[in-house]
Amino acid sequence: MKILVASDIHGNSDKFSKVISFFKDENLDKIIILGDIFNYYQTTSDLEISKMLFSVAPKLEIVRGNCDKDEDEQMMPMGFKTYHIEEINNHKIMFFHGDKYITNDAGCDIFCSGHTHVAKIIKNENKIMINPGSVSRPRDGSIGSFLVIGDKVITIFDLNYRIINESFY
C-alpha cells in the first residue's frame, strides 16, 4: 500500500493540482489531507480544490486543521476527522493536523502531522514523527511538499517531484 499525505493547502489550487496529478499518475492507494484546505474565505480556487477532492473521494481521508471551518465540509465529499489511523506493513500510523495535543497514541508507532509547514522525518527510539510540510506556504525553503508512505519507505517530495528526504522504516 502507498499513501500520499498532504497538508496546509490554504486554497492554492495550482499547487494542489500538482499533488493530485502525482497521486493519479502514480496510481497510489490512498490520499490523506491533514487539514487547512481552503482559504479563510471562499474563492474560485477553493471550488477547484473541492472538485479535485471529489475526483479522489473513494481513496480520500480528511483531517481537520486549525483553519478549517464547519461550513468547509459543504465543499468536501466527506466530513472532517479529528485524526485517522492506518496500518501499513505491521506499523500503525496516526494522522492528525498537529495544532492539538493528542493524548491517546492508540498503539501507533508512526505519527504524521502537518501544521508547522516544515517537511521532516524524525526517528526517535521506536517512534517515527513525519510531516509532509505545506503544499502552498512552506516554511522550510522548499517550493511546497507532500510525502508518500510506502511499504518500507517514507519519501518527501517537492512539487517538482524531486525527493527532499527519504527514510526506511
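Contact here means heavy atoms within 4.5 Å. The structure is a predicted model, in which local features need pLDDT of at least 70, side-chain atom pairs count only at pLDDT 80 or more, and totals for chains, interfaces and linings use all residues. Residues are numbered from 1 along each chain as its sequence is written, and side-chain values use heavy atoms, with hydrogens and water left out.

Helices (H or I, at least four residues) and strands (E, at least two) are DSSP runs, numbered from the N terminus. Helix 1 covers residues 13-25, 13 residues in number, and spans 18 Å from its first C-alpha to its last, close to the 18 Å expected at 1.5 Å a residue; the expected span is 1.5 Å times one less than the number of residues. At its N-terminal end the cap is N12, with a side-chain oxygen 3.3 Å from the backbone nitrogen of D14. N27, which follows helix 1, has a positive phi, near 50°.

Several residues of helix 1 are buried, namely S13, F16, V19, I20, F22 and F23. Buried means under 20% relative accessible area, exposed over 50%, and partly exposed in between (1.4 Å probe, protein chains only). The cover over these residues includes strand 1 (3-6), strand 2 (30-33), helix 2 (44-55), strand 9 (145-149) and strand 10 (153-158).

The strands form an open sheet of six, in the order 3-2-1-9-10-11, with mixed pairing; two strands pair if DSSP finds at least two bridges between them. Strand 3 (60-62) and strand 11 stand at the edges with a single partner strand each, so one side of each has no neighbour in the sheet. Strand 2 and strand 3 run parallel and are joined by three bridges, and I33 stands opposite I62 in strand 3.

Aromatic rings provide a further set of links. Rings of Phe, Tyr and Trp (its six-membered ring) pair if their centres lie within 6.5 Å; planes under 30 degrees apart count as stacked, over 60 as edge-to-face and the rest as tilted. There are five aromatic pairs in the structure. F146 and F157 are stacked, 5.6 Å centre to centre with 20° between the planes. This pair links strand 9, which holds F146, to strand 10, which holds F157, 11 residues apart. F146 counts as buried because its relative accessibility is 0%. F146 also pairs with Y161 edge-to-face, at 6.4 Å centre to centre and 75° between the planes. Y161 lies in the loop between strand 10 and strand 11 (163-168) and F146 in strand 9, so the pair ties together parts 15 residues apart in sequence. Ring pairs link F22, F146, F157 and Y161 into a cluster.

Definitions and conventions
Polar contact = N/O pair within 3.5 Å; in protein donor to acceptor, adjacent residues only side chain to side chain.
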